[in-house]
Amino acid sequence: MWMKPVSTIVQHALKTGSVRATSTILAGEPTEPKVVTSEIPGPKSKQLIGDLDSVTQSSSVQFFADYEKSIGNYITDVDGNSYLDVFMQISSMPLGYNHPDMLEVFRNEENLKALVNRPALGSFPNEFWPQKLKDVLMSISPGLDNVMTMMCGSCSNENAYKCLFMTYRKHQRGEKIEFSDEELSSCMINKPPGAPNLSLLSFKGAFHGRTMGTLSTTHSKAIHKIDIPAFDWPIAPFPKYKYPLEEHIRENKQEDEKCLVRIEELFEEFNKKGSPVAGVIIEPIQSEGGDNEASPEFFQQLQRTSKKYGAGFLIDEVQTGGGATGKMWCHEHFNLDSPPDVMTFSKKMLTGGFYHNLDHKPSQSYRIYNTWMGDPSKLLLLEAFLKVVKKQNLLHQVNIVGDKLKSGLHECEKEFPIINSVRGRGTFLAVNVETTALRDKIVGNLKKKGVLTGGSGDQAIRFRPSLTLQEHHVDILLDRFRKVLKELK
Ligand code: PSZ
């Protein structure tokens, strides 16, 4: 029976050596998945998909959700199916559905007014805005001095790219902030020197967004890019590792070195071409492209190479950020010499945006600007989320639950040879399947058993639960995963 999630929270303690992580099961969260329709989408969803398709492209819709009934780690659809959701709206619901502390935010009249009276933040911010930015976003800054909020991951990257270019040109001009008449007139007709020939280096398999600028740095699937003009910018190889990592240390190290050599070559080539690399853009774990990891040493060296060539170093934490890797930011696992120059976020962070150092602060107003520049109500949600992370020691829980899931997956890969290459950090995990067709089948069959996962790249099944996933959820997930794999045998 559906119960209101607001009043009771059942506290569970996870015994974890000396440190305890408290975790919550929301009242009303189902104890297991329940699939009641013979097909997914069920009849009601199918009808709604038909309805929707008469007004918009809707072939990506999996089912229609009932967000009244969805709770905690379970999403319920309009046909009454309840799924254990370890995909969480493409890695973006930090505390699952209808978390009471999140609902509470807009029970407060002042917060409700911040939601309703949506400002053009760049010009008419709320009185609380400076202090909230400090208390909330700056409290988890990855060592960077400033932050700008934005609407989504793509526009965070889009604007961060512009900062990289502006900073590169500032350095080229010898820190002068005045522009020449020629620059000012040529930029108006998309010509150099005002619109300079500069490039950004990105990686094969990367995903940074679908907007016109970011799409030139996205290389995960052709369907994302086809028919759209793109910048001719350098695309470097991303390391491809052999698993298990501890059995392939030498080969994987050679793979890093091979990629790093090619990256230097690309810097040189594009310098020679007259389109120098102004910035390097990279995900800490390539997500859409297939959950590809690279070593801390690779990232350390890449940052050094970027510095050597005067290029800004941008880490895209849109998918990895917000705690699922067991640290607030995945790149904290890399022990870099210094923070990246720019770091973008969105998804679990609820607001989009980017942190940057002072060198990347725009020199004049209106160079990075749009109407909303984010949304104060999203910062209020982020504030509530971070309080729960702290109160319940959720990063610790992510590590414990992630370890359990990872070792369970390792057992599965021993039992079922069609899966391999278990990898990832925290609960941000993935496993490969021999072929794309089999992968898709497994993801589909898991859904029929009431577990939502996602595909990434050609071969990976990815797990992207919220930070509230607990050990008993992992038991259910692994049980259904085993059943699906057994049925394939
Ligand atoms: O198909 C899509 O458009 C998807 S599926 C998952 C994403 C996009 N992820 C978005 C994303 C990302 O994973 C990384 C690493 N960087 C940027 C983005 C873009 O964020 P949004 O979608 O908020 O614009």
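**Exercise 1. Identify which helices and strands supply at least two residues each of the lining of the largest pocket.**

Solution. The elements in question are helix H2 (88-91), H6, helix H9 (222-225), helix H14 (436-448) and strand S17 (454-456), each of which supplies at least two residues of that lining. The model examined here and in the exercises below is predicted. Within the list, H14 gives the most to the lining of the largest pocket, namely five residues. The complete lining comprises 49 residues, and those nearest the centre of the pocket are Gln 62, Phe 87, Gln 89, Ile 90 and Arg 462.

**Exercise 2. State the volume of the largest pocket, the classes of its lining residues and what takes up its space.**

Solution. The volume of the largest pocket is about 1400 Å³. Its lining divides into 18 nonpolar, 20 polar and eleven charged residues. The space of this largest pocket is the space taken by the ligand.

**Exercise 3. Describe the shell around the ligand: how many residues surround the ligand, and which are the closest?**

Solution. The ligand is surrounded by 15 residues, and the closest are Gly 153, Ser 154, Arg 210, Asp 316 and Gln 319. Sorted by class, this shell holds four nonpolar, six polar and five charged residues. Helix H6 (residues 153-172) provides the largest share, three residues.

**Exercise 4. Give the distances from oxygen atoms of the ligand to Arg 210, Gln 319 and Gly 153, and then the extent to which the protein covers the ligand.**

Solution. Consider the side chains, then the backbone. For Arg 210, a polar side-chain atom lies 2.5 Å from an oxygen atom of the ligand. For Gln 319, an N or O atom in the side chain is 2.8 Å from an oxygen atom of the ligand. For Gly 153, a backbone N or O atom lies 2.9 Å from an oxygen atom of the ligand. As for cover, the ligand on its own has 530 Å² of accessible area, of which the protein covers 82%.

**Exercise 5. Determine how many cavities of 30 Å³ or more the whole structure has, and characterise the largest cavity.**

Solution. Rolling a probe the size of a water molecule over the atoms shows where empty space is left. The largest cavity has a volume of about 90 Å³. Its lining includes Met 166, Lys 170, Arg 173, Phe 179, Asp 359 and Arg 367. By class, four nonpolar, two polar and six charged residues line the largest cavity.

**Exercise 6. Locate Asn 98 and specify the distances from its side chain to the backbone oxygens of Ser 70 and Tyr 67.**

Solution. Asn 98 belongs to the loop between H2 and helix H3 (100-105). A polar atom of its side chain lies 2.7 Å from the backbone oxygen of Ser 70. The backbone oxygen of Tyr 67 lies 2.9 Å from a polar atom of the Asn 98 side chain.

**Exercise 7. Examine the backbone geometry at Pro 41, Pro 244 and Leu 350, and place each residue in the fold.**

Solution. Most residues other than glycine have a negative phi, and most peptide bonds are trans. The bond joining Ile 40 and Pro 41 is cis, with omega about 0°, and Pro 41 lies in the loop between strand S2 (19-26) and helix H1 (43-53). The peptide bond from Tyr 243 to Pro 244 is also cis, with omega near -5°; Pro 244 occupies the loop between strand S7 (235-236) and helix H10 (249-272). Leu 350, although not a glycine, has a positive phi of about 70°, and this residue is found in the loop between strand S12 (342-345) and strand S13 (352-356).

Terms used: Residues numbered from 1 in each chain as written. Predicted model: local features only at pLDDT ≥ 70, side-chain atom pairs only at ≥ 80, totals over all residues. Heavy atoms only, no water. Near = heavy atom within 4 Å. Polar contact = N/O pair within 3.5 Å; in protein donor to acceptor, adjacent residues only side chain to side chain. Areas by Shrake-Rupley, 256 points an atom, 1.4 Å probe, with all protein chains shown as cover. 1 Å grid on protein atoms, 1.4 Å probe; cavity = no way out; pocket = protein on both sides within 12 Å on 5 of 7 lines; lining within 4 Å. Sits in = over half its atoms within 2 Å of the grid points. Helix = DSSP H or I, 4+ residues; strand = E, 2+ residues; numbered from the N terminus. Nonpolar A, V, L, I, M, F, W, Y, C, P; charged D, E, K, R; others polar. Points joined across faces, edges and corners; volume = space filled by probe spheres on them.
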